[in-house]
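Visitor: Hi! I'm new to this one and would like to look around with you. Could you put it up on the screen?

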Number of protein chains: 2
Amino acid sequence: MNCRLQQVGFLGFDVFGTVVDWRSGVARAAAPFLERYDIALDPFDFANAWRALYQPAMETVRSGQRPWVRLDVLQRENLERLLAGHGVAVDDIPERDLAELTRAWDRLDPWPDAADGLARLKRRFVIAPVSNGHIAGMLQLARFGGLPWDAILGAEISRSYKPQPATYLKSLEAAGFEPGQAALVAAHNGDLRAARALGMHTVFVRRPHEYGPDQDQDLRAEEDWDVVADSLTEVADILGCA
Amino acid sequence: MNCRLQQVGFLGFDVFGTVVDWRSGVARAAAPFLERYDIALDPFDFANAWRALYQPAMETVRSGQRPWVRLDVLQRENLERLLAGHGVAVDDIPERDLAELTRAWDRLDPWPDAADGLARLKRRFVIAPVSNGHIAGMLQLARFGGLPWDAILGAEISRSYKPQPATYLKSLEAAGFEPGQAALVAAHNGDLRAARALGMHTVFVRRPHEYGPDQDQDLRAEEDWDVVADSLTEVADILGCA
């Protein structure tokens, strides 16, 4: 059996976009909220607009402009900013509804191949999120979607946000693996570039509809990643995992 | 169906002694080592003697005498101390053998009821170790014994050792639960006392042979813990988990 990445024992996963479909899940949760508060925005556009605030918010932490905070705090701030930007009087919305909508990020459907692919990969590899998500959110996502992680690593373990080296390196250190014994699995070329620079192996999973039908980024492998696939089940096939 | 601890969503577990049988596993790994190096010690006595150094070593961290270090570091130091105390020239033993024996703590059999009990409890509760073990060790134990944790919390998350409050509180914070929404499951009255003092619920599991046939501690519930049981499957029965 051809079983690639022989020296690898640990697979770290990007989660938002790579394992779960955040756009559909956020749109599903946003639809009744937008209707209730009479906000004239398409739920899918709303999801993309919320997501668009994600990197700039993390950048305020990466740059040292503010101390590290968990992703749920940033997502909540971004929600309020997004609503205010559309003329919504955020203070008039009950706290309960804002908190509930923010928890949409904890209830996202996995891509159809994800739970099966992870279960197969787990037979050979230690698997864990190396995500910018916080532990409680990753934990709820796993229970919601049946994702069989061995542990939850990533931003909250390292108190840093990818692509900062610490997020990868402290996650690997906690799991007990060297970079050369580990691979990052991600749908984003930039994430893989950061991982490769640290000596990790790289697995690119194409998710061409992460951002919807008009996606114009990460449609293809931009470097010679060690594995390139269209699903996590295909990753399991390629890595020779029964 | 009588389903107790209605307000509880999270169960944190002590692991060494409560979920896994460290004494048998350490003795099993120690037996060939003791024979190879001609050390006249019964493997089970060796396991108990190694374990006896566990609390004093953590106390050097709790007291602030030394900065926080992971449990595998303490276990390795304790091994060398134990061997030296029996006249063994530790420097003459290959590093590989010392490292291998230390990893005995990552390959311990669960008590016979543990994997099934955890799988049932996971249907209703978020379950995670709140152990003094480090993440990599807990992760290997879970894979070795089929323990279906939702996440791995505890000492390494908090950089503190139970019964310090931070170990419990930072684990709960990471999982997204208040103390009143959580219970500690442990075979040790002292661990439960610390958890109760913080507002957590308490589940005592009797493990009368954790230390062997002559065990003289934690043979019974010393306070009116919320649940008292003889196995994790009995805990699942009592908590009304199908």
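Visitor: Where is Pro163(A) found?
Guide: Pro163(A) sits in the loop between helix 8 and helix 9 of chain A. Keep in mind that this is a predicted model.

Visitor: And what is the peptide bond from Lys162(A) to Pro163(A) like, cis or trans?
Guide: That bond is cis, with omega near 5°. As background, most peptide bonds are trans.

Visitor: What about chain B, then: is the bond from Lys162(B) to Pro163(B) cis or trans?
Guide: The bond from Lys162(B) to Pro163(B) is cis, with omega near 5°. Pro163(B) is placed in the loop between helix 8 (155-158) and helix 9 (165-175) of chain B.

Visitor: New topic: how many residues does each chain bring to the contact between chain A and chain B?
Guide: There are 23 residues from chain A and 23 residues from chain B. The area buried between the two chains is about 1600 Å², and carbon and sulfur atoms give 55% of it.

Visitor: How many salt bridges cross that interface?
Guide: The rule finds 2 salt bridges between chain A and chain B. One of them joins the side chains of Arg143(A) and Asp150(B), at 2.7 Å from N to O. There are also 10 residue pairs in polar contact between the chains.

Visitor: Which helix gives the largest share of the side of chain A that touches chain B?
Guide: That is helix 7 of chain A, with 5 residues. Helix 6 (114-124), helix 7 (135-145), helix 8 (155-158) and helix 9 (165-175) of chain A each supply at least two residues of that side. By class, the side has 13 nonpolar, 2 polar and 8 charged residues.

Visitor: And how many salt bridges are there over all chains?
Guide: The whole structure has 46. Among them is the pair of Glu223(A) and Arg193(A), whose closest N and O atoms are 3.4 Å apart.

Visitor: Why does that pair tie together parts that are 30 residues apart in sequence?
Guide: Because Glu223(A) lies in the loop between strand 5 (201-205) and strand 6 (227-229) of chain A, while Arg193(A) lies in helix 10 (residues 189-197) of chain A.

Visitor: Last one: at what angle do helix 4 and helix 5 of chain A pack?
Guide: Helix 4 (residues 71-85) and helix 5 (residues 95-102) of chain A pack at about 120°, with their axes 10 Å apart. Their crossing is right-handed. Residues in the contact include Leu79(A) and Leu83(A) of helix 4, and Leu98(A) and Ala99(A) of helix 5. By class, this contact has 5 nonpolar, 2 polar and 3 charged residues.

Technical notes
Residues are numbered from 1 along each chain as its sequence is written. Chains are lettered from A and ligands numbered from 1 in the order in which they are written. This is a predicted model: local features need pLDDT of at least 70, side-chain atom pairs count only at pLDDT 80 or more; totals for chains, interfaces and linings use all residues. Side-chain values use heavy atoms; hydrogens and water are left out. Axes are lines fitted to C-alpha atoms, for helices over the stretch in contact, and angles run from 0 to 180 degrees between N-to-C directions. Helices (H or I, at least four residues) and strands (E, at least two) are DSSP runs, numbered from the N terminus. A crossing is left-handed if the near helix is turned anticlockwise from the far one by less than a right angle, and right-handed if clockwise. Contact means heavy atoms within 4.5 Å. Ala, Val, Leu, Ile, Met, Phe, Trp, Tyr, Cys and Pro count as nonpolar, Asp, Glu, Lys and Arg as charged, and the others, Gly among them, as polar. Buried area is the accessible area (1.4 Å probe) that two parts lose on being put together, summed over both. A salt bridge is a side-chain nitrogen of Lys or Arg within 4 Å of a carboxyl oxygen of Asp or Glu. A polar contact is a pair of N or O atoms within 3.5 Å; within protein, one must be able to donate a hydrogen and the other to accept it, and residues adjacent in sequence count only if both atoms are side-chain atoms.
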